[in-house]
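Hello,

My notes on it follow below.

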Amino acid sequence: MRRTRLAGALTAVIALALTATGCGGGDTPAAPSAAGAAAAPDRVEPLPSPASPRLPVTVASADGRRVTVDSAERIVPLSGSLSEIVFTLGLGDRVVARDVTATFEQAADLPVVTRAHDVSAESVLSLRPTLVLAESTTGPAEAVAQIRDAGVPLVVVPAAKDLDDVGTRIDDVAAALGVPASGTALRERTAERLAAVREKIPAHADRPRVAFLYVRGSAAVYLLGGAESGASSLLEAAGAVDAGKESGLEKDFTPITSEALAAAAPDAILVMSKGLESVGGVDGLVKIPGVAETPAGAARRVVSVDDGVLLNYGPRTDRVLASLVDQLYGEGK
């Protein structure tokens, strides 16, 4: 996980926690699920007939600039989500580096150009990129400016916050790469798969209250997600209630307290797989003050999804949603 997956919302203490735990986006499997992201191989699925870029193109960047892209021969996407989109569009063979959160199999051998979760401008520039893709939360700002000042075309894509952003992000990246038709095909494929997952939600099921907890045991970071955590859209699409948001937490995260958990009263708890591992699994999670007293803690009802895809809002989000639906409504739930 990193800043972008939480929509730029986590504070400096989270960044320190991520560095301390070496979390980069989820190479630890979540609990087995017949349909979920954790059950499938950690790979992206490229389009069957990818197009070749038609360049040059001039596109709008989210930082207010107009950027002309002349070549997509050497691409550096600065987030795991952007990397997923590039690879799924069928242009992964042109990617020359990755962000620490791009942990899927096809990108695993690429050099990493981030230190902890900050971009290293020197590392990026040493790879002679012809196009850099960043998110509006990519930083530090000095590194982004250094890359741009070196004359490298740098396109900024708005950070994702909910399911409605998925198609827009795909279109933005495809436009910058000169493959708009592939973008349309991928956007439509993704929308169809998300719709198919939603159809699997039991029509008469009670809406479970689900609290999203961000935990990193080795760094003693325990947070409860609110309206701006980035998880609300996924939970609501899965037919659930975001318990933190519903209890009145308007910001991104708040420290876990017994009072906050009592107000949220979740029926289930959503965590990232590495976070669950860091506290010693479900046994350790219920030892966090207040967790055992919730309906979810008492029932030990915990839903885990791989760090590298949970909040990416990209071409694999249908797998994330499928995992949530399966774990929330599967047999015996």
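Helix H2 (residues 80–91) passes helix H5 (residues 165–177) in a right-handed crossing. Axes are lines fitted to C-alpha atoms, for helices over the stretch in contact, with angles running from 0 to 180 degrees between N-to-C directions. H2 and H5 are therefore oblique to each other (under 35 degrees is roughly parallel, over 145 roughly antiparallel, 65 to 115 roughly perpendicular, the rest oblique). On H2, the contact (heavy atoms within 4.5 Å) is made by Ser 81, Leu 82, Ile 85, Val 86, Leu 89 and Leu 91. H5 contributes Arg 169, Ile 170, Val 173, Ala 174 and Leu 177.

This is a predicted model: local features need pLDDT of at least 70, side-chain atom pairs count only at pLDDT 80 or more, and totals for chains, interfaces and linings use all residues. Residues are numbered from 1 along each chain as its sequence is written, and side-chain values use heavy atoms, leaving out hydrogens and water. Helices (H or I, at least four residues) and strands (E, at least two) are DSSP runs, numbered from the N terminus.

Next, Asn 312. It sits in the loop between strand S13 (302–305) and helix H13 (317–329). Asn 312 counts as buried because its relative accessibility is 4% (buried is under 20% relative accessible area, exposed over 50%, partly exposed in between; 1.4 Å probe, protein chains only). Its side chain makes a polar contact of 2.8 Å with that of Glu 84. Such a contact is a pair of N or O atoms within 3.5 Å; within protein, one must be able to donate a hydrogen and the other to accept it, and residues adjacent in sequence count only if both atoms are side-chain atoms.

Now the strands. S1 (residues 57–60) and S2 pair in the antiparallel sense over four bridges (pairing needs at least two DSSP bridges). Five residues separate them in a hairpin. Gly 64, in the turn, has a positive phi of about 90 degrees. Ala 60 stands opposite Arg 66. Along S2 (residues 66–69), Val 67 and Val 69 point to one face and are buried.

S3, S6 and S7 form an open sheet in the order S3-S6-S7, with parallel pairing. The twist averages 15 degrees from one strand to the next.

Regards

Conventions. A crossing is left-handed if the near helix is turned anticlockwise from the far one by less than a right angle, and right-handed if clockwise.
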